[in-house]
Amino acid sequence: MKMGENMKEFFLENEEFTKKLASEIASKLFPGAIVCLNGDLGAGKTTMTKSIAHTLGILEDITSPTFTIVNEYTEGDLALYHFDVYRIGSSEEMYDIGFEEYIDSEGICIIEWSNIIEDILPEERLELLITYENDGRMAKLTPYGERYEKIVEEVEM
């Protein structure tokens with residue numbers, strides 16, 4: 001079986017479906033998990049992140065770290081590191097903010113617009129692509145690595 005082969009797709013009728021999928025994913029994450037969020041502008045990447053954070057017990061307001069690149073939330077069950085790399089000029093800039101330390105930590109890393117830094121992403125990760133479709137969104141989960149394949153297998157909606 002090739003990496004990323006066992007993908008699943010879910011139609012998200014509205015924001016409640018997005019939150020439900022996020023909660024499903026969050027309940028299966030493990031220390032050090034990497035979730036890469038890509039997709040259309042305004043499709044629900046930050047809503048997905050907020051819902052994952054909420055499921056992990058993080059109650060503070062989650063905002064997109066567009067200008068700071070990373071926001072840290074440490075009061076939940078696991079630390080959450082929320083990256084938004086939309087404005088990154090090159091992957092090199094990620095090393096300046098200590099990207100490797102975050103990726104190698106026990107915290108959950110969620111990376112919005114991860115396709116921009118694809119060349120430095122860990123081989124094992126969960127890719128989530130959210131796109132507009134008809135009156136809702138389509139979420140495509142693609143696992144890279146055995147632990148992520150198990151998550152995708154277990155996600156039900």
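The model is predicted; local features need pLDDT of at least 70, side-chain atom pairs count only at pLDDT 80 or more, and totals for chains, interfaces and linings use all residues. Residues are numbered from 1 along each chain as its sequence is written, and side-chain values use heavy atoms, with hydrogens and water left out.

The protein chain contains five helices and seven strands. Helices (H or I, at least four residues) and strands (E, at least two) are DSSP runs, numbered from the N terminus. Their order from the N terminus is β-α-β-α-β-β-α-α-β-β-β-α. The radius of gyration is 14 Å, close to the 15 Å from the globule rule for 157 residues, so the protein chain is as compact as a globular protein of that length. The radius is taken over C-alpha atoms, and the rule is 2.2 Å times the number of residues to the power 0.38. Along the principal axes, the C-alpha atoms fill a box of roughly 40 × 40 × 30 Å.

Of the 157 residues, 52% are buried (under 20% relative accessible area, with exposed over 50% and partly exposed in between; 1.4 Å probe, protein chains only). Among contacts (heavy atoms within 4.5 Å) with a separation of 6 or more, 63% join residues 24 or more positions apart.

Thr18 lies in helix α1, residues 15-26. Thr18 counts as buried because its relative accessibility is 5%. Leaving aside residues up to four places away in sequence, Thr18 touches Leu12, Gly44, Thr47 and Met48.
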